[in-house]
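This report describes one protein chain, moving from the whole chain to its parts. Please keep the structure open while reading.

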Amino acid sequence: MKHGLPTVAIIGRPNVGKSTFFNRILGEKQAIVEDRPGVTRDRNFARAEWAGRSFYIIDTGGLEPELSEPFADVVRAQVLAAIREADLLVFMVDGQAGPHPSDQQIAELLRTSERPVLLLVNKLDKLPQETAQYDFWELGLGEPIPISSATGKGSGDVLDRIVEGLPEPTAEEAEGTALHVAVIGKPNVGKSSFINKLLGEDRLVVSEIAGTTRDAIDTPMRYHGRTIIFIDTAGLRKHARIEPGIEYFSALRAQRAIDRADVCIMLIDATEQELHVQDLKIAEKAWAAGKSLIVVVNKWDLVEKQTGTSVEFEKKMRERVPMMRWVPILFASALTGQRVQKVLDLVIDTAEQRQRRITTREVNDVVHELARRQPPPHYRGMHVKIMYATQVDKAPPTFVLFVNYAKSMTPAYLRFLVKGFREAWGFWGSPVRLRLRARREKKTV
C-alpha cells in the first residue's frame, strides 16, 4: 500500500524545548515559545523536508505522568494519540536540568510503544564541549544525542538521524502504479457505506453514529485493468469542534489521505438541500492540494423530487463555487446502489485528465489566440506580451507563462486564460495551475 508521508512526534515533559526544536526544523515560528512550562497545551502539526525526504512533524504538549491538573488528562490523551500515530518518536530531555523522574516514566511509556525512539538532550548551548548528555544513558533508550534548539547546534545531525529512521517507501509507492482515491466529506455522510457498495461487500464498519471511522482505511480493488485503492477517511469537522486526542488525529489522517490521493471523491448529504461552508472547505482542501475532485451527492433516494430537481441542485452548486464549474457532479445513493458504479468510470476519466500532456507548440497557439481575443491589461501604460508558454508538469496540469511584465497579469486575466485552456483541452475535474516568469522582449538593432 501507499502509506503516504511518515510522521515524527516530539515527546517530552514541559519546558524542555520541544516547540523551539519544532520551529527550528520548519524554519519559522509556528509554535508558541515561552520560558514557562505548559505553554503548548494543544499540538502543532506541519510538513517538513530534509535531504530529499518529506515527513510530518508533530509538536505535542508537555507530558507530566503524575500531574492531576485539569489540562493534564487532555494533554496526556493527545500525546498518547501522537505516539500511536507516529512512525518515529523524538524524546526530548533537558540537558541543563539533568535526568528527571518524569523522564524515566516517559521512557518506560515509549519502550512499550514499539516505535523507534531518538533521545535528544536539549539546551546544550556550548557544544561540542558539553558532556551532560552522557547522564541520560540511564534512560535505556540508546545513545543520547546532544542538541541546542535555541542556537541550532546539532540540528543537522539530528535531522539526518530522523531521516535514517523513517520507513522506506514501498515499491508501489515509488512506482506510483496504483490509483489512490480518497473518499472525503463531513462526518456521517455515508463514506463507508459508499465504498462497501462499490466493492459489493461489507469491508468497512458502518454505523449511524457520526465518527465511526477513526482511521484512513485502504481498500484495493481492480477495475478495467487498473488497481484502485480507496481511502475511507474520518469525517473532517470544523477545527473548533475537533475534540482532543483521537478526534484530532482522525482529522489529521483525513488530511494525510488527501495528500496521498490522486482523486478525491467528496460526498455531501442530499437531505441537507444545499452545500454547506464545511463542504466547501473540504473541497477547497483537495483542490488546493492539486487533487482531482468528484462530487457525489449521496442519499439522493431520500430527497423528494420534482422535474429538474437534480438540475437545479447542480446549478446552485456551480454558481456558488467557481471551481465547481469544472468538477463532475453525480447524484447517487450508497443505500440503494443508485449510480454508485458510475463513479468508477468518473475516477478513471478524471485521473486521465490530470495526466494529460500538451505539446509546447499547441500551448503557444492557444495562448496567442487567447491574447489576440482578449489582450493582457497594460502595465503602467506599457504594452504587455506573453512571449512564450509551456506545460512544465502534470497531475495537476501546470503551465509557465513568460511575460515581459508579469505583474500586469491580474487574477481576472489568469482566470480567463485557465478557462481558455479548459475549453481547448478539458482537464475535467482537475485544477489547472499557472506560473508567471518575467522575460524581457529582445530588442533588435
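## Overview of the chain

The chain has twelve helices and 15 strands. The model is predicted, and its pLDDT averages 82 over the chain, with 80% of the residues scoring at least 70. Of the 445 residues, 50% count as buried. Among contacts between residues at least 6 apart in sequence, 70% join residues at least 24 apart.

Strand β1 covers residues 7–11 and runs parallel to β3, joined to it by four bridges. Within this pairing, Ala-9 has Ile-58 of β3 as its bridge partner. Strand β1 also pairs with β4, again in the parallel sense and over four bridges. Here Val-8 stands opposite Leu-88 of β4. Strand β4 in turn is joined by six bridges to β5 (residues 117–122), and these two strands run parallel. Met-92 stands opposite Leu-120 of β5.

How many residues of strand β3 are buried? Seven of the seven residues in β3 (residues 53–59) are buried, so this strand is largely enclosed by the rest of the structure. The covering applies to both faces of β3: Arg-53, Phe-55, Ile-57 and Asp-59 lie on one side, Ser-54, Tyr-56 and Ile-58 lie on the other, and all are buried.

Strand β4 (residues 88–94) is mostly covered, with seven of its seven residues buried. Leu-88, Val-90, Met-92 and Asp-94 point one way from β4, while Leu-89, Phe-91 and Val-93 point the other way, and all of them are buried.

| Strand pair | Bridges | Direction |
|---|---|---|
| β1 and β3 | four bridges | parallel |
| β1 and β4 | four bridges | parallel |
| β4 and β5 | six bridges | parallel |
| β14 and β15 | six bridges | parallel |

## Ile-145 in strand β6

Ile-145 is placed in strand β6, which spans residues 144–146. Is Ile-145 buried or exposed? Its relative accessibility is 6%; residues under 20% count as buried, so Ile-145 counts as buried.

Which residues does Ile-145 contact, leaving aside its neighbours within four places in sequence? They are Leu-118, Leu-119, Leu-120, Val-121, Val-158 and Arg-161. The C-alpha atoms of Ile-145 and Met-92 are separated by 9.5 Å, and the two residues are 53 residues apart along the chain.

## Helix α6

Helix α6 covers residues 191–199, and seven of its nine residues are buried, so the helix is largely enclosed by the rest of the structure. The buried residues are Lys-191, Ser-192, Phe-194, Ile-195, Asn-196, Leu-198 and Leu-199. Just after α6 comes Gly-200, with a positive phi of about 75 degrees.

Another part of the chain holds an open sheet of three strands, in the order β13-β14-β15, with mixed pairing. Strands β13 (386–393) and β15 (433–438) are at the edges with a single partner strand each, so one side of each is left without a neighbour in the sheet. On average, neighbouring strands of this sheet are turned by 25 degrees against each other, direction ignored. Strand β14 (residues 398–403) pairs with β15 in the parallel sense over six bridges. In this pairing Phe-402 stands opposite Arg-437 of β15.

Helix α11 (residues 360–373) lies across β13 and β14 and runs at about 135 degrees to β13. Helix α11 also packs against helix α12 (residues 411–425), at an angle of about 130 degrees and with the axes 10 Å apart. That angle makes α11 oblique to α12. The crossing of α11 and α12 is right-handed. On the α11 side, the contact is made by Glu-362, Val-363, Val-366, Val-367, Leu-370, Ala-371 and Arg-373. On the α12 side, the contact residues are Tyr-413, Phe-416, Leu-417, Gly-420, Phe-421, Glu-423, Ala-424 and Trp-425.

Conventions. Residues are numbered from 1 along each chain as its sequence is written. This is a predicted model: local features need pLDDT of at least 70, side-chain atom pairs count only at pLDDT 80 or more; totals for chains, interfaces and linings use all residues. Side-chain values use heavy atoms; hydrogens and water are left out. Buried means under 20% relative accessible area, exposed over 50%, partly exposed in between (1.4 Å probe, protein chains only). Contact means heavy atoms within 4.5 Å. pLDDT is the predictor's confidence in each residue, from 0 to 100. Two strands pair if DSSP finds at least two bridges between them. Axes are lines fitted to C-alpha atoms, for helices over the stretch in contact, and angles run from 0 to 180 degrees between N-to-C directions. Angles under 35 degrees count as roughly parallel, over 145 as roughly antiparallel, 65 to 115 as roughly perpendicular and the rest as oblique. A crossing is left-handed if the near helix is turned anticlockwise from the far one by less than a right angle, and right-handed if clockwise.
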